[in-house]
Amino acid sequence: MDLGRTWAIARKEFIHIRRDPHSLIMIMLLPVIQLLIYGYALTFNIKDVPIAVYNRDRGHLADKYLNEFRGSPYFKLTRAVDSSEVLDRLIADRQVRLGLVFPHDFTRLLHRGRTASIQALVDGAEPNAANIILSYVQSISADFNQQLMGDRLNREGFPQLEVRLKPEWRFWFNEDLESINFIVPGLIVVIMTMVGTILSALSVVREVERGAMESLFATSLEKSELLLGKLAPYFCVSMAVLSLAMLMGHFLFEVPLRGSLGLLIGLSAIYLLVMLAQGLLVSVTSANQLQAFQTAMLINFLPALLMSGFVFSIPLMPLPLQMLSYIVPAKYLVTISKGIYLKGIGLEILWPDALILVAFAAAFLLATLRHPVKKIR
């Protein structure tokens with residue numbers, strides 16, 4: 001392989017990129033748009049849940065219970081209704097996400113030391129959000145029950161019971177449980193997947209459609225020089241996109257980076273080689289740019305979005321999908337990215353994932369370089 005001829009192809013691609021500023025701008029805008037949309041829209045933190053109350057009791061204990069919701073950052077009392085029908089309609093229209101119904105004897109039963117029921121109507125159209133809202137209601141109810149028990153013991157002259165076991169909660173790695181802190185590290189991987197794969201997937205087949213491939217093969221140019229020469233410029237562009245995404249994550253979303261920046265960039269560069277090599281393999285096996293684009297999206301972007309652990313937890317997936325996730329390269333970089341961003345761990349723990357990425361890069365590069373030249377034409 002002649003490095004001079006390889007550089008000539010790379011230089012040709014750099015000139016092509018420079019002469020097509022609209023495509024370059026779109027490539028650079030893509031991570032910005034995705035980060036803004038996913039960063040602000042995709043969140044698992046539920047706050048200010050609108051509540052409607054149908055209070056048939058009007059007693060002071062019902063008001064005391066509602067005060068627990070008023071003091072919580074997760075709920076916002078917006079409506080007081082006078083019938084179950086109105087409450088049902090508000091939930092159906094999604095004007096409220098939670099409805100509380102107090103029976104007429106709520107305060108009286110609690111004063112007598114008996115059990116009083118309260119109905120919590122949760123909008124179950126979104127099961128994950130409904131489960132989170134229900135857990136908040138149960139937590140508030142548990143605290144309210146403990147207060148009632150303590151007040152009753154005091155009224156009856158019993159000494160205040162001391163809680164012997166008091167757990168102190170502490171969340172490691174994401175203390176405030178902010179979803180943006182684990183969304184951004186995974187989203188960077190998804191952005192790199194899409195940009196790297198699409199750029200390289202269109203590179204060779206574009207030459208075929210333009211009729212330039214015959215001229216290239218009429219020279220002494222080898223296939224390896226052609227493919228590696230095309231890979232180098234898009235690797236540089238993809239690294240620029242990676243830098244932009246990381247800068248936005250740090251300055252715009254204030255996601256902490258607890259680990260080594262150099263290690264993250266180095267392993268991300270290996271992953272980019274995987275995506276670029278896979279994109280080149282798609283390019284040399286496709287008949288036109290549309291087919292290359294669709295294939296790249298199907299075999300790279302969708303698995304990276306759905307089966308990498310970016311959003312959905314892999315251990316919670318069905319066993320066949322868990323097994324299939326092991327052949328998704330994005331799975332390993334998502335593990336690396338979240339580990340470096342959130343936990344600050346290093347290569348002594350991440351080396352198996354890094355080694356698998358190196359194996360993927362070598363396999364795809366070898367498969368692309370060994371592909372018959374005739375299939376490229």
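This is a predicted model: local features need pLDDT of at least 70, side-chain atom pairs count only at pLDDT 80 or more; totals for chains, interfaces and linings use all residues.

Reader: How many helices and strands are in the protein?

Author: There are 15 helices and 4 strands. The radius of gyration is 29 Å, while the globule rule gives 21 Å for 377 residues, so the protein is more spread out than a compact globule.

Reader: What does the C-alpha trace span along its principal axes?

Author: About 100 × 45 × 40 Å.

Reader: And how much of the protein counts as buried?

Author: 45% of the 377 residues. The accessible surface comes to about 20400 Å². Carbon and sulfur atoms hold 61% of that surface.

Reader: What about contacts along the chain?

Author: Take contacts between residues at least 6 apart in sequence. Of those, 80% join residues at least 24 apart.

Reader: How far apart are the mean positions of the positive and negative charges?

Author: They are 5 Å apart, for 35 positive and 30 negative charges.

Reader: New topic. Where is S286 found?

Author: In the loop between α11 (261-284) and α12 (289-306).

Reader: Is S286 buried or exposed?

Author: Buried. Its relative accessible area is 11%, and the cut-off for buried is under 20%.

Reader: What does S286 touch?

Author: Leaving out residues up to four places away in sequence, S286 touches V205, Q291 and A292. Also, a polar atom of the S286 side chain lies 2.6 Å from the backbone oxygen of V282.

Reader: Which helix does A269 lie in?

Author: A269 lies in α11. At 15% relative accessibility, A269 counts as buried. Not counting residues up to four places away in sequence, A269 touches F235 and M239.

Reader: How far is A269 from L242, C-alpha to C-alpha?

Author: 9.2 Å, and the two are 27 residues apart along the chain.

Reader: Where is D48, then?

Author: In the loop between α2 (21-41) and β1 (49-55). D48 counts as partly exposed, at 47% relative accessibility.

Reader: And what about the phi of E254?

Author: E254 has a positive phi of about 55 degrees and is not a glycine. E254 sits in the loop between α10 (223-251) and α11.

Reader: Is E254 buried or exposed?

Author: Exposed, with a relative accessible area of 63%. The cut-off for exposed is over 50%.

Terms used:
Residues are numbered from 1 along each chain as its sequence is written. Side-chain values use heavy atoms; hydrogens and water are left out. Helices (H or I, at least four residues) and strands (E, at least two) are DSSP runs, numbered from the N terminus. Buried means under 20% relative accessible area, exposed over 50%, partly exposed in between (1.4 Å probe, protein chains only). A polar contact is a pair of N or O atoms within 3.5 Å; within protein, one must be able to donate a hydrogen and the other to accept it, and residues adjacent in sequence count only if both atoms are side-chain atoms. Contact means heavy atoms within 4.5 Å. The radius of gyration is taken over C-alpha atoms; the globule rule is 2.2 Å times the number of residues to the power 0.38. Accessible areas come from the Shrake-Rupley method with a 1.4 Å probe; for residues, only the protein chains shown count as cover. Lys and Arg count as positive and Asp and Glu as negative; His and the chain ends are not counted. The place of a charge is taken as NZ of Lys, CZ of Arg, CG of Asp or CD of Glu.
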